[in-house]
Amino acid sequence: MRGDLSGRRAVVTGASSGIGAATARALAAAGATVVGGARRVERVRDLGKVAALELDVTNPASCEAFVEAAREHLGGFDVLVNAAGLGLGREPFDASSEVDERTVLETNVNGLIRLTRLCLPHLADGAHIVNLGSVAGRQAYPNGALYVTSKFAVRGFTYALREDLLGRPIRITTVDPGLVETEFSLVRFRGDSAKAQAVYEGLTPMRPDDIAECVLFALTRPPHVNVDEIVVKALAQSSGARIHRDSA
Ligand code: 8X3
């Protein structure tokens with residue numbers, strides 16, 4: 001892994017699994033002092049060199065307590081990685097429900113915006129915000145309306161904040177992955193492991209570490225370089241919908 005983040009103080013949300021966990025680990029390995037937030041805080045503790053704090057991004061009081069505790073631990077922030085997020089369901093929008101809509105949009109959109117707003121006053125000069133978007137935030141695919149909507153919003157927010165930060169020494173990047181093998185599909189299919197596994201069958205999906213490397217790449221460019229976006233897909237997919245699978 002290239003890049004040296006010695007002396008940098010980083011906050012990573014969604015650090016209990018998948019891309020968030022891999023990113024927290026990668027930043028710590030690159031020398032950063034890392035605070036990882038998640039609801040399943042014991043899993044963040046298992047990462048080792050990452051300070052674990054409880055965080056539910058959908059809960060404003062939890063976010064405020066998390067940012068305050070992270071600030072006490074780190075003094076200020078040089079890196080914020082917003083990795084908390086989820087999808088629910090792969091059905092036509094007719095099957096949507098009030099609960100699913102609230103859960104997906106509260107986590108992926110409101111949670112990310114809330115955490116960013118609360119962290120902004122504590123970002124040091126030279127700080128960098130990295131949002132985890134998705135290929136779903138660039139091109140819609142069928143039966144994923146809530147997730148697609150949420151990730152389009154993440155991309156919109158990233159670029160809107162890029163405008164509002166212009167002239168300040170704070171960088172911002174969206175990293176937009178395609179198929180990454182994580183617990184994402186298990187959550188999306190509400191614990192149905194057969195359906196979740198099928199998502200990654202017949203192709204080589206990306207690994208969470210592949211995405212952590214993209215985050216690290218953006219973070220370790222020279223201070224005058226802002227990587228606006230990184231779009232990264234499994235070789236076997238050309239979009240969220242178009243996937244080539246080897247037949248067994
Ligand atoms: C998750 C990848 O392709 O399911 O962000 O939208 S995809």
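I call a crossing left-handed if the near helix is turned anticlockwise from the far one by less than a right angle, and right-handed if clockwise. By that rule α4 passes α5 in a right-handed crossing.

I noted that the model is predicted, that local features need pLDDT of at least 70 and side-chain atom pairs pLDDT 80 or more, while totals for chains, interfaces and linings use all residues. Residues are numbered from 1 along each chain as its sequence is written, and side-chain values use heavy atoms, without hydrogens and water.

I looked up the pair next. Helix α4 spans residues 98–119 and helix α5 residues 145–165; their axes (lines fitted to C-alpha atoms over the stretch in contact) are 9 Å apart, at an angle of about 15 degrees. The two are therefore roughly parallel (angles under 35 degrees). Their contact (heavy atoms within 4.5 Å) includes Val104 and Leu105 of α4 and Val154 and Phe157 of α5. I found 11 nonpolar, four polar and three charged residues in this contact.

I then looked for cavities, sets of points on a 1 Å grid where a 1.4 Å probe fits but cannot get out; lining residues have an atom within 4 Å of a point. There are two of 30 Å³ or more. Of its 14 lining residues, Leu88, Glu91, Pro92, Ser96 and Leu146 lie nearest the centre.

The second largest cavity has a volume of about 30 Å³. Helix α4 gives the largest share of its lining, four residues.

Definitions and conventions: Axes fitted to C-alpha atoms, helices over the stretch in contact; angles between N-to-C directions. Parallel < 35°, antiparallel > 145°, perpendicular 65-115°, else oblique. Nonpolar A, V, L, I, M, F, W, Y, C, P; charged D, E, K, R; others polar. 1 Å grid on protein atoms, 1.4 Å probe; cavity = no way out; pocket = protein on both sides within 12 Å on 5 of 7 lines; lining within 4 Å. Points joined across faces, edges and corners; volume = space filled by probe spheres on them.
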